[in-house]
Amino acid sequence: MNDQDWYSQVEGTLDADELHQQAEILESIADIRPDQEGIIYCPVLPLREVIVFPHMVIPLPVGRAMTISAIEAANQQHRIMVAAPQRNPRKHSVQKKDFLPIGVAVAVSDLFSTEHSDNLVMVQGRSRVELIEMVREDGVLYAKARVIEESERPTSEETALMRNLMRLFIRYADITGTIPPEAMNYLQEIEEPGWLADMLANSFSLHLEDRHALLQTLSTESRLGKVQDYLVRELGVLELEEELHAKVQDEVDRGQRENYLREQMRVIQRELGEQDPWSKELQELQTRIKERNMPEEAEKAAVKEFERLYQMPPMSPEVGVIRTYIDWLLDLPWFETTDDNLDVQNVAEVLEQNHYGLEKAKDRILEAIAVRSLKPERVRQPILCFVGPPGTGKTTLGKSIAEALERKFVRVSLGGVRDEAEMRGHRRTYIGALPGRIIQTMKRAETINPLFVLDEVDKLDTGYRGDPAAALLEVLDPEQNYAFSDHYLEIPYDLSQVFFITTANHRGDIPWALLDRMEVIDFPGYIEEEKVEIAKKFLIKRQLDEAGLEEGELTFTENAIRKIIKEYTYEAGVRNLEREIGRVCRKVARMKAEKKNYPTRIGDSSIEKYLGPPDYSPLDAETEDEIGVATSIAWTMAGGEIMPVEVALTEGKGSLQITGQIGEVMQESAQAAMTYLKSRAKTFEIPAEAFENIDVHIHVPEGGIPKDGPSAGITLATAMISAFTRRKVRKEVCMTGEVTLRGRVLPIGGVRNKVLAAHRNGLKTVLLPVKNEKDLVDVPKKVLSDLNIVFVKHMDEVLAEALLPREKKVKKQKKAKQPEEEAVEEAQPKTAVPPAAKQDDTPAAIQPGA
């Protein structure tokens, strides 16, 4: 509280007669005459949150016993005290350092009381004093202080400041209207500069720190300057308040005028039998709320918001926010459903008609529908996750399931979503807030039991705005999604009847907590035979239609389709295959449109004419038995591939080098194979010094494609043993399996794709680990009948099948070469022709093992 506010509060407790009486008493008190050094000695009156300037008359409340004793002691003597402001008003202290160095000599009255306050004392400021010393006598604090004399005649600079101050103060009085005319006249008659500065400082609101600064400013010119600065600051605040008040008053007046005119319009429309658009809109909205079938909690929220809307003027900014919220509540499906077609045979036909292969996914869907047909009232829906490479039919299978069940199909792509509010919505406190994608999509579905596909769930990102994957935990949990909470709606929404299907390319990129809530179905990618059938049944027909050609007007031979698959695409799905078929169809369509002769049958020999040179050249199987070259079979995202492994021996210091963009796991497999070879050197009749004098270089074409995995272990070991023992590897044999230091063969993954790759490339014998025999269930029977599948447990069995017996050396007349030179010369394999693959077109790394 500042001095002026405090003084007004205390003054209100005294009547005019009391004030006048006390003032007369104070005027009659004489000043103390200072000694020769200008020192006076009198009791101290501590001031805590108030400042007394010279010439001021002010009542002060007294509470502390020490202060009461000091006032009584002063009244028994000369009735003069030193009013000393404390530095810290909350600290009770009697030491000089706790008071300001400048105080005011004041005359004090006797203690008196009123109806509202006890222990009041009236004081009148006389002059500034400088505190010299403080002493305590009989429980009373005394001060030695030097009286500070001030000039009564102003200088020319002080006169100019005094006149400017009065002009500013008149403006202040005009704005506030709180200064009576008598006070203004009194101020204008003051001629002493220090007196005027002190009186003006007490006439408007100032902080306690500013009053302390004025009290300690002994130069009258500086004091006038400070009061002028404070007054200018106060005037700036008052003028800003006045401007804001004027603006507010204008808005209020305008609003009152609009309300008055609007009320007049209502009266006129009522007399004419008409209705204003706003009232009509409110009535229609109220009718919609009454007729809409909603849960009790949603209906309560809609009615509550409508009541708020009804009380608001139509031009209020809040109207749009409330109206949008009510519309969302009315437009969302709450109980609307579609009847499921639970005929298992019909669903199976629809899925088979629209998709080739994908037996596991189809079986799981048919199982779910069979369970629903036996127990239709069962509410809990399956939550599936389709994981597989791009283009394998994950999303389109979801469409087919919706078609078979006769449900609405809706889809949301989650790729790149990094804000939790995208899932749960924004709170209505934000401008332009809307529900999240889940609720928006449910509104679009118009039923509460659609088939809902959450596409690319593995592409969710995490940012500083939260984790959207965490928001999906509630959506995809059957134990929680019956009361899904959206930040915008702020009421539970039932998602328990929604058939959720998520799709992803990589299982490892899905957060584990989210993955745990879903049943994962793998889409392994199509093999060449499946792609041929898909092209015949679906792709060619669709592309003919898009190119404007009639069905049967253009046909593709099977060899032509296979050529496109092998040499123009490299993928697990069929998207690029469809694009290439579309390119051929469009070129034929152009020829037809230009009235030229066009072909009606596309064979493999004419593919290059329409598509240009092949983009890919697959590796060919070996045509001859060779030393140091073994064939491995690998698995990639685009299916199975053969992978030759070449080993060359050169003179050196026994180092092992492996090239061809080999990963760490495959490098470790090569080291394990080398260690196994060294441990069996005597068995293979390899001299120990050969490992110290010969460098081993392993190369795995193609060098532009990264490769990794442990399943090339037995191939690496076979190629190295062949190079060191001079035994050739059978050209029709391929193999896959992990090798240990003891020569054991461990199981690997991707068996189906690997076996099909061997069959496709004309290989006859496939060596597989014994424990992978169970994985041949998914391999077509025709492939198994064409191949000789040999299951092996140890490297001895691998070498028995893969290596030919050692050839007998032919005696020559020439001087025999050294073993190292012979190894260098004879261990050079024929170089396999690498396919001209583009790195950009084959982003997936070859992985020989799972």
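Phe691 is buried (under 20% relative accessible area, with over 50% called exposed and partly exposed in between, using a 1.4 Å probe and protein chains only), its relative accessible area being 11%. Phe724 is likewise counted as buried, at 11% relative accessibility. The model is a predicted one, in which local features need pLDDT of at least 70 and side-chain atom pairs count only at pLDDT 80 or more, while totals for chains, interfaces and linings use all residues. Residues are numbered from 1 along each chain as its sequence is written, and side-chain values use heavy atoms, leaving out hydrogens and water.

Aromatic rings come next. Rings of Phe, Tyr and Trp (its six-membered ring) pair if their centres lie within 6.5 Å, with planes under 30 degrees apart called stacked, over 60 edge-to-face and the rest tilted. This rule gives ten aromatic pairs. The pair of Phe691 and Phe724 is tilted, because the ring centres are 5.2 Å apart and the planes stand at 35 degrees. Phe691 belongs to helix α24 (residues 690–693) and Phe724 to helix α25 (residues 713–725), so the pair ties together parts that are 33 residues apart in sequence. Helices (H or I, at least four residues) and strands (E, at least two) are DSSP runs, numbered from the N terminus. One aromatic cluster is formed by Phe169, Tyr172 and Phe204.

Charges also meet rings here. A charge sits over a ring if NZ of Lys or CZ of Arg is within 6 Å of the ring centre and within 35 degrees of the ring normal. The charged end of Arg428 sits over the ring of Tyr325, 3.8 Å from its centre, and that of Lys443 sits over the ring of Trp328, 4.2 Å from its centre.

Glu158, Met162, Leu165, Met166 and Phe169 of α4 meet Pro193, Leu196 and Leu200 of α6.

Two loop residues deserve a look. His55, although not a glycine, has a positive phi of about 75 degrees. This residue lies in the loop between β1 (39–47) and β2 (57–61) and is partly exposed, with a relative accessible area of 32%. Glu446, also a residue other than glycine, has a positive phi near 70 degrees. Glu446 is placed in the loop between α16 (437–445) and β9 (451–455) and counts as exposed at 51% relative accessibility.

Overall, the chain holds 29 helices and 24 strands, and buried residues make up 48% of its 850 residues.

Technical notes
Contact means heavy atoms within 4.5 Å.
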